Every structure is written in structure tokens, then in C-alpha cells.
Amino acid sequence: MESADRADADKALDAGRKPAETLAFFGIQPGMKVAELMAGGGYTAELLARAVGPSGVVYGQNNRFVLERFAEKPWSERLKKPAMKQVVRVDRELDDPLPPEARDLDAVFLVLFYHDAVWMEVDRAAMNRAIFRALKPGGVYAIIDHAGRDGTGVTEVKTLHRIEEKVVRQEIEQAGFRLAAEASFLRTPSDTRDWNASPMVAGDKRGMSDRFVLKFVKPGG
């Protein structure tokens, strides 16, 4: 996290994202093979690349919509950094997000994006099954997202960029995963959860939403 060559813009996000706690909670170690789905401009993908080191690999996936809308330039620029040498760029849709060679992975991350998969009408059952297949037994499916209010389900995924936690749990468990642990380091009990958490809209509130952090595991490890 303290690397001198990390961008100032990335460091500015750290207080709200808590990367050290995130990597520790999900158990990311040197030499691991991991993936980040919907990597966007690559903030988390770069953290993962630094954590797995030169002996590891990171698959960084984006779909066409996100690349065309905002990510192509910052993602392409970031991939030129020496720290990103072990990152494999993956341009695929979320329904089947990883290439055939991305197998026996240690972890797959989906950060602040599960709610977007809903309004983008992704086949989430297919997505979760594909992630299950790509992970090794005992592999981790790492989920972080903006918490919606109880009873809202998926009704506010586009208006407020939030999703009710129990919906995410149910959908991922239906794919065969087991919820192994949850963390509270991104919880904000004072959040009323009735405002738009999108980084494009949140303004001064960015990084202050109530977020759930869920560690799912593929059984058998």
C-alpha cells in the first residue's frame, strides 16, 4: 500500500477502501493466481498484482460496456506500469467472464459491482457458475458491495447503486459456494442507505457507504 510508485489518485481512495484489510481478510499471498471481474480502471487489480508478486498472476476482466463507457483509457495506461507485468487483460462479458486457461484460481474478486450486474441484466447464475468452475477447491469468491436497505432486494441497484445483502448471499450459495466469513471493516452503521453510492454521484460521500464484505469458498479445499 505504501509503494512509492502507486498513483496519488489511488492512494486517495485507500481510506475509503481499506486495501490492507481487504487483502488480509481474503488471504491474498505471493504466488497466487487470482482474478478481478469488472476491474474498471484497475485500482484493485494493481493491489492484487502487488500482493501476488512476480510469481503470481492476475486476470483483469472488463466487459465492452465498461471499457467503452469509461475504462479503456485508464485501464490501458495502468497496464503499462511495471507493477502490472503479471496482469492478463481479459475482455469478456460477465456471463462467461474468464478464459479457458484461468483455472484452479485461488481467488476471484467482484468489488462494488454485483449490483451493476443486476441492472446490466447479466445472467448472474451463469456468471457465478463460471466463477465456481474457475476456482480451485477451497478457492475464494470475494464480494464487496454497497448495502441496500432491508426489503429492497434488487429494486435500487440502478437508482442508488445498492443491493440487499441477502440477495447476493442467496444467489452465490445457489451456485454451490459456502459463506465462510464476513468482515465489518467497511461497515458504516450511520449510513442511511438511501443515497446514490455510485462514485460518479456520491461526491464527498464516496467511500462512506455501508458495505458488506463476504468471503465465499468453493467446497473441497
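Predicted model: local features only at pLDDT ≥ 70, side-chain atom pairs only at ≥ 80, totals over all residues.
A residue counts as buried when its relative accessible area is under 20%, as exposed when that area is over 50%, and as partly exposed in between. The structure holds 18 of them.

Consider Lys-136 and Asp-106, whose closest N and O atoms are 2.6 Å apart in a salt bridge. Because Lys-136 belongs to strand S5 (residues 135-146) and Asp-106 to strand S4 (residues 105-111), the pair ties together parts that are 30 residues apart in sequence. The two partners may also be described by their accessibility. Asp-106 has a relative accessibility of 14% and therefore counts as buried, whereas Lys-136, at 31%, is partly exposed.

A further salt bridge brings together the side chains of Asp-210 and Arg-187, at 2.9 Å from N to O. Both residues lie in the loop between strand S6 (178-183) and strand S7 (211-217), so this pair ties together parts that are 23 residues apart in sequence. Asp-210 is buried, with a relative accessible area of 6%, while Arg-187 is partly exposed at 28%.

Salt bridges that share partners also form a network, which joins Asp-5, Asp-10, Glu-46, Arg-50, Arg-78 and Lys-81. Within the structure, Glu-46 forms a salt bridge with Lys-81, and their closest N and O atoms are 3.0 Å apart. This pair links distant parts of the chain, 35 residues apart: Glu-46 is in helix H3 (residues 43-52), and Lys-81 is in the loop between helix H4 (64-78) and strand S3 (87-91). Glu-46 counts as buried because its relative accessibility is 1%.

Key:
Residues numbered from 1 in each chain as written. Heavy atoms only, no water. Salt bridge = Lys/Arg side-chain N within 4 Å of Asp/Glu carboxyl O. Helix = DSSP H or I, 4+ residues; strand = E, 2+ residues; numbered from the N terminus. Buried < 20%, exposed > 50% of the residue type's maximum accessible area, 1.4 Å probe, protein only.
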